[in-house]
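Trainee: Could you take a close look at the disulfides of this chain and describe how they are arranged?

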Amino acid sequence: MKTANHTEVREFIFQGFSSFQEHQLTLFVVFLTLYILTLAGNVIIVTIIHIDHHLHTPMYFFLTVLSTSETFYSLVIIPRMLSSLVGLSQSISLEGCGTQLFFFLGFAITNCLLLAVMGYDRYVAICNPLRYLIIMNWRVCAMLASSVCAAGFSLSLVQAVAIFRLPFCGSLIEHFFCDVRPVLNLTCATPIINDILTLIISLLAITGPVTFLFISYILIISTILKITSVEGRKKTFATCASHLTVVIIHYGCASIAYFKPKSENTKDQDQLISVTYIVITPLLNPAVYSLRNKEVQDALQRVVGRKFLT
């Protein structure tokens, strides 16, 4: 536990990408381009799913929720990050920092839990196809989606309150947004209970869903291997290939960010990991589901063809 005399801190300053001072404009252009692509990709996916009735299935319902959540997840961090890169806003109020942390964690945990729900959807579709539409009816889908959102923001609220009830002795955040570890590093005292709470939330948001997904995919793969035809196995696996790709990258980045020992943390490493799961990972969702998913590609062709015909 660290202690120090302190005055009340009401505002924080982001150190940002100070290690890359000469490349700030380049970073701004790159991040802005990726952000626009992310927004455009998610809007296109949600629009295509809404318009094309062939995609009105549980799998694409959850994809719509995930795309919407990813859009707001990016919106919480990237605009302020971009403004800091061009020197417009390097500071944030105490309340603003708490709000940013709350929404960032809320959408991040929701995304993790949604990926687990999507894994369950694939498990039911492949391992119990005859009862799929009975088990995954619209009432169940709505209940699952609302439950993961409620769970995500409940855990986020607990974490945010636990951090911002502590006194702060520093105001310089060695990061480009209000993340858990950089903000905790500014507190005058970090009780062990905060470290335990952070670990528990990480276990619930990352380890729990990963374990569930691991078991689900073992059962899915064992079912696929029982299919006699090679073409049948390929076609069945293709229905969950996009989801599996997103899962591996998403949970891989999250695990590195929140389970890496504190002693191994450096500012540049933390920023590189954060850029990956804040800027790049949200882009993967529309990219993977549009480039690797034949149903979405076919739906896009139908919608575009319909527009040209009219």
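Mentor: In this predicted model, the S-S bond of Cys 97 and Cys 178 has a torsion of about -125 degrees, so this disulfide is left-handed. Cys 97 belongs to helix H3, whereas Cys 178 sits in the loop between strand S3 (172-173) and helix H6 (180-184), so the bond ties together parts that are 81 residues apart in sequence. The two sulfur atoms are 2.1 Å apart. Cys 97 is buried, at a relative accessible area of 0%, and Cys 178 also counts as buried, at 0% relative accessibility.

A count of disulfides gives 2. Cys 169 and Cys 188 form a disulfide as well, with 1.9 Å between their sulfur atoms. The torsion about their S-S bond is about 115 degrees, so the disulfide of Cys 169 and Cys 188 is right-handed. Cys 169 is found in the loop between helix H5 (138-164) and S3, and Cys 188 in the loop between H6 and helix H7 (192-225), so parts that are 19 residues apart in sequence are tied together. Cys 169 is partly exposed, with a relative accessible area of 32%, whereas Cys 188 is buried, with 5%.

With bonded cysteines counted along the chain, the disulfides follow the pattern 1-3, 2-4. Cys 127 takes part in no disulfide; the nearest cysteine sulfur belongs to Cys 240 and is 9.4 Å away. Cys 127 is partly exposed, at a relative accessible area of 26%. Cys 240 is likewise in no disulfide, and Cys 240 counts as buried, at 0% relative accessibility.

Notes:
Residues are numbered from 1 along each chain as its sequence is written. This is a predicted model: local features need pLDDT of at least 70, side-chain atom pairs count only at pLDDT 80 or more; totals for chains, interfaces and linings use all residues. Side-chain values use heavy atoms; hydrogens and water are left out. A disulfide is a pair of cysteine sulfur atoms within 2.5 Å. Helices (H or I, at least four residues) and strands (E, at least two) are DSSP runs, numbered from the N terminus. Buried means under 20% relative accessible area, exposed over 50%, partly exposed in between (1.4 Å probe, protein chains only).
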